[in-house]
Amino acid sequence: MYARLTGTGSYLPGTAVSNDDLAARGIDSNDEWIVSRTGIRSRFLAAPETTSSELGLVAAQRALDMAGVAASDIDLIIVATSTPDFIFPSTACLIQGRLGSSKGAAAFDVQAVCSGFVYALGIAEKFIRSGSHSKALVIGAEVFSRILDWNDRGTCVLFGDGAGAVVLEAAEEPGILTTAMHADGTQNGILNVPGQVCGGQVTGDPFLRMDGQAVFKFAVRVLAEVAEEVCVDAGIPTNAVEWLVPHQANIRIMEATAKKLGIDRDRVIITVDRHGNTSAASVPLALDEAVRDGRIRRGQRVLLEGVGGGFTWGAALLEF
Ligand code: UT7
């Protein structure tokens, strides 16, 4: 028994906000710095009242449409998000409620920040391979604009909002070949939102804080390592991967990873230039774009990988 991707979908809120637009809003930065350091040219920012569940719902409906699967047939919903609508109920339950017809399906959120989608996919794959569930919705949905300190130019220009989703179904043919998930909690201090709600008030710091250079070095190392790990596990060389869909944080991280793996740049799916870093949504957003524009085709080997706060990292190697 394998778990196979049968549909993808995504959604970006509002209109693109360029680097010049941010500078015009008073952020002490400029297009030249942002493009040269990160490759980011624009991002989408949700309206203040728009939630992760709303973005995730549209992405999920699009994935269900592509798969030709009714919401009522879904028996597992996993949402990866660090910007849930509420402390509880989970964003997955809110999406299930709005999908309307999937009553009874297991639904829960996964918190692994920018690795969240890859973690959620690995979890769903294990549920399906065990035989306990047969049709899963795996969603990455974020409104990171809510947790950005717009006075911190070192972070606020990097992120955007959006959602991506896949439908995963039990199948006799591959399918996801192998997955890996890792964490190193000793590195929790280099990327975090160190706040909480306590006694009716926010305590600590409710904004995203990052040691950019430490994150950069960590990301380049573990993204190459975990890609090699899943390829060894599947018995293929890394350069036999037809498409690399990495977490979209910084074009320089993606290029360094692809170079280490011997994967040509034109086989790397890149959306960071237009989406910025959408955390758990970035991998399914990039995957959906490349599936819909015809680059990723049935039977091709695709490597998805993520890295994020925690620190967490992971990968999934699949035959699309
Ligand atoms: O999902 C994972 C999340 N995060 C990442 O993957 C981020 C990984 N890290 C990075 O992408 C890079 O470290 C950054 C893009 C965040 C920063 O690039 P950097 O080359 O490491 O720059 P830096 O932090 O060393 O800063 C260099 C200079 C500083 O000025 P001084 O001290 O040299 O005068 C900063 O104040 O750039 C300045 N700077 C900016 N200037 C204009 C920092 N942010 C900005 C900005 N616009 N937005």
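Student: Which residue in β14 does valine 245 stand opposite?

Tutor: Valine 245 stands opposite leucine 304 in β14. This is a predicted model, where local features need pLDDT of at least 70, side-chain atom pairs count only at pLDDT 80 or more, and totals for chains, interfaces and linings use all residues. Residues are numbered from 1 along each chain as its sequence is written, and side-chain values use heavy atoms, with hydrogens and water left out.

Now the strands. A strand here is a DSSP run of E, at least two residues, numbered from the N terminus. Two strands pair if DSSP finds at least two bridges between them. β13 pairs with β14 (residues 301-308) in the parallel sense, over four bridges. Both belong to an open sheet of four strands, in the order β8-β15-β14-β13. Its pairing is mixed. β8 (176-183) and β13 (243-246) stand at the edges. Each has a single partner strand, so one side of each is left without a neighbour in the sheet.

Next, valine 138. Its place is in strand β6 (residues 135-143). Valine 138 is buried (under 20% relative accessible area; exposed is over 50%, partly exposed in between; 1.4 Å probe, protein chains only), with a value of 0%. The C-alpha atoms of valine 138 and alanine 105 are separated by 13 Å. Along the chain, these two are 33 residues apart.
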